[in-house]
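Here's a quick briefing on a ligand and the protein around it. Have a look at the model first, then run through the points below.

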Amino acid sequence: MSDCIFCKIVNGDIPSSKVYEDDCVLAFNDINPQAKVHFLVIPKSHIGSVDEINESNSNVVSHIFTTIPKIAKKVGLTNGYRVITNCGQDGCQSVKHLHFHVLGGEQLSEKMA
Ligand code: 5GP
Ligand code: ZN
């Protein structure tokens, strides 16, 4: 996806503060953090949102979720964290490349919406 900013981060056209990388996943700090620790975990291959997850691409989502606890440990999230993904217009998704927000490093609000 040539006009996707997260694809540009994956291929290095836009710089990012990386916290983890492997063959199919990239994690980097959010440019506008909403908590003391706030990073995004994305598949390197373009998937638009949760709404585009299916049987043929769900393996990378599974991999993301086995990777998140490892990254959390690495960055010192020892007391819990929150994982969020926004989907579509009602979900306030602003970047149309699947990403999971990981927030922590402090007590988060109970509010979810
Ligand atoms: P969404 O609103 O789609 O769930 O979240 C998109 C997130 O991407 C936002 O938290 C926003 O701050 C972050 N973001 C947008 N552009 C960039 C960028 O160029 N670099 C980084 N590191 N984060 C970005
Ligand atoms: Zn993309």
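**Where the ligand sits**

Ligand 1 sits in the largest pocket. Bear in mind that this is a predicted model. The protein covers 82% of the 520 Å² of accessible area that ligand 1 has on its own.

**Who surrounds it**

- Two elements, helix 1 (5-10) and strand 2 (25-29), each give two or more residues to the shell around ligand 1.
- Sorted by class, the shell around ligand 1 holds eight nonpolar residues, seven polar ones and one charged one.
- There are 16 residues around ligand 1, and the ones that come nearest are N29, D30, N86, S94 and H101.

**Polar contacts to check out**

- D30 puts a polar side-chain atom 2.5 Å from an oxygen atom of ligand 1.
- H101 also uses its side chain: an N or O atom there is 2.8 Å from an oxygen atom of ligand 1.
- With I31, look at the backbone instead, where a polar atom lies 3.3 Å from a nitrogen atom of ligand 1.

**Aromatic pairs**

- Searching the whole structure turns up two aromatic pairs.
- One of them is F6 with F28, an edge-to-face pair with 5.4 Å from centre to centre and 80 degrees between the planes.
- What does this pair tie together? F6 belongs to helix 1 and F28 to strand 2, so the pair links parts that are 22 residues apart in sequence.
- Those two elements, helix 1 and strand 2, also turn up in the shell around ligand 1, with two or more residues from each.

How values were computed
Residues numbered from 1 in each chain as written. Chains lettered and ligands numbered in written order. Predicted model: local features only at pLDDT ≥ 70, side-chain atom pairs only at ≥ 80, totals over all residues. Heavy atoms only, no water. Near = heavy atom within 4 Å. Polar contact = N/O pair within 3.5 Å; in protein donor to acceptor, adjacent residues only side chain to side chain. Areas by Shrake-Rupley, 256 points an atom, 1.4 Å probe, with all protein chains shown as cover. 1 Å grid on protein atoms, 1.4 Å probe; cavity = no way out; pocket = protein on both sides within 12 Å on 5 of 7 lines; lining within 4 Å. Sits in = over half its atoms within 2 Å of the grid points. Helix = DSSP H or I, 4+ residues; strand = E, 2+ residues; numbered from the N terminus. Nonpolar A, V, L, I, M, F, W, Y, C, P; charged D, E, K, R; others polar. Phe/Tyr/Trp six-rings, centres within 6.5 Å; stacked < 30°, edge-to-face > 60°.
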